[in-house]
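Here's a friendly walk through a structure that may be new to you. Take a moment to look it over, then read on.

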Amino acid sequence: MIKKLGLSAAIGVASLSLTSHALGDSSSQIWDMVVKEAEGQTVYWNAWGGSTQINDYIAWVGENLEDEYDIEVVHVKLDDTANAVSAVVAEKAAGKDENGSIDLIWINGENFASMKRQGLLYGPDWTQNLPNWQYVDVENKPTITTDFTIPTDGMESPWGMAKLVFFHDSARTSPEEMPDSADELLKWAAENPGRFSYPQPPDFIGSSFLKQVLIEQVEDRSLLQQSADEVNFEEVSKPLFDYLDELHPNLWREAKAFPRDYPSMSQLLADGELDITFAFNPATASSAIANDELPDTVRSFTFSEGTLGNTHFVAIPYNANAKAGALVLANFLISPEAQLRKQDPAFWGDPTVLAMGKLSEEQADAFNKLDLGVATLRPDELGPALDEPHPSWMTKIEEKWLARYGAAN
Amino acid sequence: MLRYSPFTALLVLAVPVLCGLAGTLLPAFGYLPALGGTSFSVQPFDTLFMQTGIWRSIAQSFFIGLTSTALAVILVAGFVAAWYGTRLFKKVQYLVSPLLSVPHAAAAFGFAFMIAPSGFFARLFSPWLTGWERPLDLLIVNDQLGLALIAGLVVKEVPFLLLVTLAALPQISAIKFSHLTQSLGYGRMAGFLLSTWPPVYRQIRLPIFAVIAYASANVDMAIILGPATPHTLPVRLVGWMNDPDLKMRFMACAGACVQILVTGFALLVWTLIERVTGVVSRKLAAKGNRYTRDWGVRVTASVLMTTSALIVFGGLLVLALWSVSGLWQFPNTLPNNLSLKNWMRALPGLSGPLVTTIIIGGASVAISIIITLACLVREQQTGRSGGNRALWLLYLPLLVPQIGFLFGLQLFLLSVNAIASWTALIFAHVVFVLPYVFLSLSAPWRAFDKRYDSIGAALGASNWRIFWHIRAPMLLRAILAACAVGFAVSIGQYLPTLLIGAGRFPTITTEAVALGSGGNRRIIGIYAFMQMMLPFVGFLLASILPALIFRNRRGITGF
């Protein structure tokens, strides 16, 4: 019993000191303590589990942590990150402020905003004390420190970059025909009824598509940087819903059913049911080609005026049971080794959050040598990144979408 | 010890259901202190009925539950009436029986792969016959009337209803009845339906009720095949229960109460239909028509029955094929290339859920079989079977919609900090496994020739000894078969595993449904294949083990 208590006290001290430097130890000494305490811990990592590539990558991370740090990683596969938020909220309501069931959550946007607002996150300021933080491209990637307009305050550690990219099969449709804006997409859908759709909100990618249209259609984009509660939501969002009213009759299945998520759309692209699909990861198509899931004639495109771009993160709940283990895991995720594998389309293809200039020449070289695949646009071809609206927009848009289209006729 | 066994069964079955129901009912009326609900109100119901399309979701659950059961019952009754006692009947029976152990989710995936516009049927006939180079934009799977879901439920429930009918038939001396009606000049089907079916029906009534309850309240098949704009009521309830906005849980519980009413109403309407059919069939019988020209109907019945079995088999085969396929685009009937790559990639991830599935299944079966045996031995000693009341109790967990008491049970376990523990999860499974184990074993147990016991007793053997040396070995085959049924039931459990395990005990089934949402057919193929194989291995062991154990006592395997 005493031994147990001592251990849990030590965990508290080390994880606390990581955020406060209270002990006056040098940061490397503190980190050594964290690593030591993490030994033998089991980290329950709640992460969306709908993609095999990503699941495999997470399994690889788990093997590495087991070998290097004696940490067991359990991937709790979610179909919606909101479920993890819900679990932590329920634990807080039930007074379970320690030994929570979740140690790490793959998160961003409105889920992060909601957890931060409700005080459900560990921190602030633990991320910048991770040893591998030195490689992170804080300077040139503003979304690493501002997540959907909300300052991250060191309460979530970046994992990867996302950019909305569209895909088509060049064997069926020529690149010239492909739309270059939401308006052109609307026209294209009218000419090619039944060949476009988006995942049913509140799927993350589906809701992101709605935001892309909103940004393009709204008159004053700066309004979207404010909370949707502070502006006239009905008026500002009207162009989006006018657009959808016009688009829906020409969608796949006339918008009476929707693909469940973006991997489902890839399957539908392979089946020839859809002609244009999209994802938040530029390498989705290349990676699917490598796995024989899509034909090698699939190509990517974006809108020249820009598409949504953001960063995805990992965060630790305030009542996590294995905080030290979660910290070591978060640190491993931003190591050059883990980031390199993640960007390789053979495994996942998710763009790195690291700055090439901060890496050793050898490490940077490895990144540059990655074969991103035939269907992946080069970073300079991806076009400008549009800023994410304030998270309240996503929530409100989803609500209105459900009320308006949730019961199709 | 033994005298408490019926009480234990009661405890294990009724307590979770009743606790769970209470745990659902209180929050539905606003009371759940842990989430800040300290006073009673009807607010949760108000919010529930303000949700978009809520009435449609409710109507769908009701309509789908009744229609699918009615169609399945008609199909089974028609087929049995048309062919019972023939060689064709035996063949179809062998074809259909294995399908009983196919979990609902796997059957649903297979079915979806067959009937989708880019599915296997369309591929078989494209483009050479249909001219389709591209799949048609047709809403087949996830259609708004729920027809795909109804069809999926029918093909999945037919094997179950056929088997319970088969178990009932010998007790009615159906063959003699049919000889009688035929000598009176009745057509085969009319003779059977007017004379044999009513007593058979009485015996399979409870299983039919269980089918209605499942069909009106199921989640796993409805996610895969059911309407999506809006989803059926049970699917929406699960979503609300998991919403980060905890206030939604009050509404989810209110919805679960509505679901119980919907299922109850469906059962009520069913009993009305029973009466009407009874009146009509008596009228028909009184008229005295012989209905001898039933050849067309008989052929239709056999074609429909065979088709429904073949669709499930075909779906499972296509699933298996997807799991080893490379690129496989429409309208190709077969994949361009085969590879084991998908399996190699999936295997490391499979082992965890596989072990969990086996542990939960094994433990819940072990507990269930011990309770069942204890109850049966006790019944044998006292001569009291508990009769109809006990039967209703057994069926309780199968008649109350899972969602109705699992929400409450989850909230209850959460508040006592027992959520996501092995014990809670295994006992949640026992609630569903025990009824099936008991129902499978009780018939052969009661049919056992008591004179063996008497001989044993006359030779001075104790009850204990009689059990271990006479009953258990001679009934081993039946005991193992009951275990295999229980194991299959445990494997198929989706909602209890998800809710009581809090997502931390992934099993093959929860993984299959979670990954199925990702639409990757290769992975779905692998998981559905595993889902199918586990019960199959269970039944295989159940049939091989007795032969191995008694290889030097040939006579004993006859039971």
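The notes below go from the chains and their domains to one helix and the nonpolar core.

## Before you start

This is a predicted model, so to speak of a local feature takes a pLDDT of at least 70, side-chain atom pairs count only at pLDDT 80 or more, and totals for chains, interfaces and linings use all residues. Residues are numbered from 1 along each chain as its sequence is written, while chains are lettered from A and ligands numbered from 1 in the order in which they are written.

## Chain A as a whole

Chain A has 14 helices and 11 strands; these are DSSP runs, with helices being H or I over at least four residues and strands being E over at least two, numbered from the N terminus. Its radius of gyration is 22 Å, close to the 22 Å that the globule rule gives for 409 residues, so chain A is as compact as a globular protein of that length. That radius is taken over C-alpha atoms, and the rule is 2.2 Å times the number of residues to the power 0.38. Along the principal axes, the C-alpha atoms of chain A fill a box of roughly 70 × 45 × 35 Å.

Of the 409 residues in chain A, 55% are buried. Buried means that 20 or more other C-beta atoms, placed from the backbone, lie within 10 Å of the residue's own. Among the contacts in chain A with a separation of 6 or more, 81% link residues 24 or more positions apart; a contact needs C-beta atoms, placed from the backbone, within 7 Å.

## The domains of chain A

Chain A splits into domain 1 (2-161 + 312-376) and domain 2 (165-309 + 383-405), with bounds from an automatic or database domain assignment. Taken over C-alpha atoms, the centres of these two domains of chain A are 29 Å apart. Where they touch, domain 1 of chain A puts in 21 residues and domain 2 of chain A 22 residues. On the domain 1 side, helix α5 (residues 109-117) of chain A gives the most, with 3 residues.

## The domains of chain B

In chain B, domain 1 covers 1-34 + 341-559 and domain 2 covers 45-323. Their centres, over C-alpha atoms, are 24 Å apart, and the contact takes 40 residues from domain 1 of chain B and 37 residues from domain 2 of chain B. On the domain 1 side, α23(B) gives the most, with 12 residues. That side has 28 nonpolar, 10 polar and 2 charged residues. Here Ala, Val, Leu, Ile, Met, Phe, Trp, Tyr, Cys and Pro count as nonpolar, Asp, Glu, Lys and Arg as charged, and the others, Gly among them, as polar.

## Where the chains meet

## A helix and the core

Helix α3 (residues 54-83) of chain B has 30 residues and reaches 44 Å from its first C-alpha to its last, close to the 44 Å expected at 1.5 Å a residue; that expected span is 1.5 Å times one less than the number of residues. In α3(B), 21 of the 30 residues are buried. After α3(B) comes G85(B), with a positive phi near 90 degrees.

Which residues have the most contacts inside the largest nonpolar core? They are L329(A), L161(B) and V437(B), in a core of 285 residues. Such a core is a set of buried Ala, Val, Leu, Ile, Met, Phe, Trp, Tyr and Cys residues joined through C-beta atoms within 7 Å. Leaving aside neighbours within four places in sequence, L329(A) has contacts that include V43(A), W45(A) and L104(A).

Technical notes:
Two residues are in contact if their C-beta atoms, placed from the backbone, lie within 7 Å. A residue is buried if 20 or more other C-beta atoms lie within 10 Å of its own, exposed if 12 or fewer, and partly exposed in between; C-beta atoms are placed from the backbone.
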